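Hi,

Here is the structure I promised to pass on.

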Amino acid sequence: MRPDVEAMKADIEQSVALLRRRLDWDVALRKLDELNARVEDPTLWDNPEQAQAVSRERSRLEAQVNTVKEMEQGLEDGIMLADMADEEGDEATLEDAREQLKAIKERAARAELEALLSGEADGNDAYLEINSGAGGTESNDWAGMLMRMYSRWARAHGYEVTIEAEEQGEQAGIKSATLQIAGPNAYGWLKSESGVHRLVRISPYDAAAKRHTSFASIGVSPVVDDTIEIDINPSDVRTDTYRASGAGGQHINKTDSAVRLTHIPTNTVVACQAGRSQHQNREQAWKMLRARLYELELQKREAAAQALADAKTDIGWGHQIRSYVLQPYQMVKDLRTEVETSDTQGVLDGDLDPFMGAALAARVGETREG
């Protein structure tokens, strides 16, 4: 067996063994059998909320078990193909086998990180809120770049992206936007992105071609379903309606269909303008408000309320989590994990997995050896 193929085989076997340990494999298989039996029991659906919870748990566990089984089968097939190609001196087929094993290795690395997503809401969809900092056009443009970056990351991973609210900048970019990102573990992956993101570049809006520093903040909260009760006193919420508008100030409609909710005790503000009617936007805005308040509670439970507060105070120096430098050199660096790369364009095009993975591992205090 070629040395590089042997090395990939060893890496994949190590990943599979780690995933089996984290799942407690024999226990996981017994638990999946139990959940399958419960889902097939028609009396379970007498209680819809309980049935939905059981169905979600079963789907999550089944996906984890199937991932391990598929990686084991893929490894066996890839090694068999590589051995046959090596014996016959077929370099083209050997290269195909390498590509198969490389894909399995990459999937295994992601599966290792997903195994760390054990938080209460990690499996949920997410709301991602972007706000530009001080600096007018420069910061608005940067906020727009971040909106594109996260949208590309989400779509590359098969997630659905919906723009719930967006306020355009006067000349370029956006002042603010709220995206709903839907897919397995969306919140678990994105939650570490909350904070202030700093950009250093030669401004395309400065005739003198001077270097500018811009800031924008990211806030992430989980989409909560009906099985999670968030008690909100309606008298604590102020409702404002306004006319939804798009780029260039062109009105989407002529009625005040957009809805903004303000939770007065926590000064939490959400807005929605994506729906065609005020009723639709009001309903979605309430879901978003529940999500934001639930995220506040989760942050308290995780003893991370200060990090959330930092992200919601001054959008500037002292609150950054990541720096994106395009001039005088090329570097993106996470200030919490020290992960960095010179491939700035790749990051701005949505290649965020190395940063998210490192932040996730650091947050739960686990490593590959742990």
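Before the sheet, one convention: two strands count as paired if DSSP finds at least two bridges between them. Also bear in mind that this is a predicted model.

With that in hand, take strand 9 (residues 320–325) and strand 10 (residues 331–334), which pair in the antiparallel sense over four bridges. Within that pairing, Val325 sits opposite Met331 of strand 10.

Both strands belong to an open sheet of eight strands with mixed pairing, in the order 2-3-1-5-4-9-10-11. Its edges are strand 2 (160–168) and strand 11 (340–341), each of which pairs on one side only. Helix 5 (residues 137–156) packs on this sheet, where it touches strand 1 (126–132), strand 2, strand 3 (174–182), strand 4 (195–202), strand 5 (211–222) and strand 9. The direction of helix 5 makes about 45° with that of strand 5.

The other thing I looked at is a helix pair. Helix 1 (residues 3–23) packs with helix 3 (residues 48–88) at an angle of about 160°, their axes 11 Å apart. That angle makes the two helices roughly antiparallel, since the cut-off for this is over 145 degrees. The crossing of helix 1 past helix 3 is left-handed.

Who makes the contact? From helix 1 come Val5, Lys9, Ile12, Glu13, Val16, Leu19, Arg20 and Leu23. Helix 3 supplies Leu61, Gln64, Val65, Val68, Met71, Glu72, Leu75, Ile79 and Ala82. Sorted by class, that contact has 12 nonpolar, one polar and four charged residues.

Cheers

Notes:
Residues numbered from 1 in each chain as written. Predicted model: local features only at pLDDT ≥ 70, side-chain atom pairs only at ≥ 80, totals over all residues. Heavy atoms only, no water. Axes fitted to C-alpha atoms, helices over the stretch in contact; angles between N-to-C directions. Parallel < 35°, antiparallel > 145°, perpendicular 65-115°, else oblique. Left-handed = near helix turned anticlockwise from the far one by under 90°. Contact = heavy atoms within 4.5 Å. Nonpolar A, V, L, I, M, F, W, Y, C, P; charged D, E, K, R; others polar.
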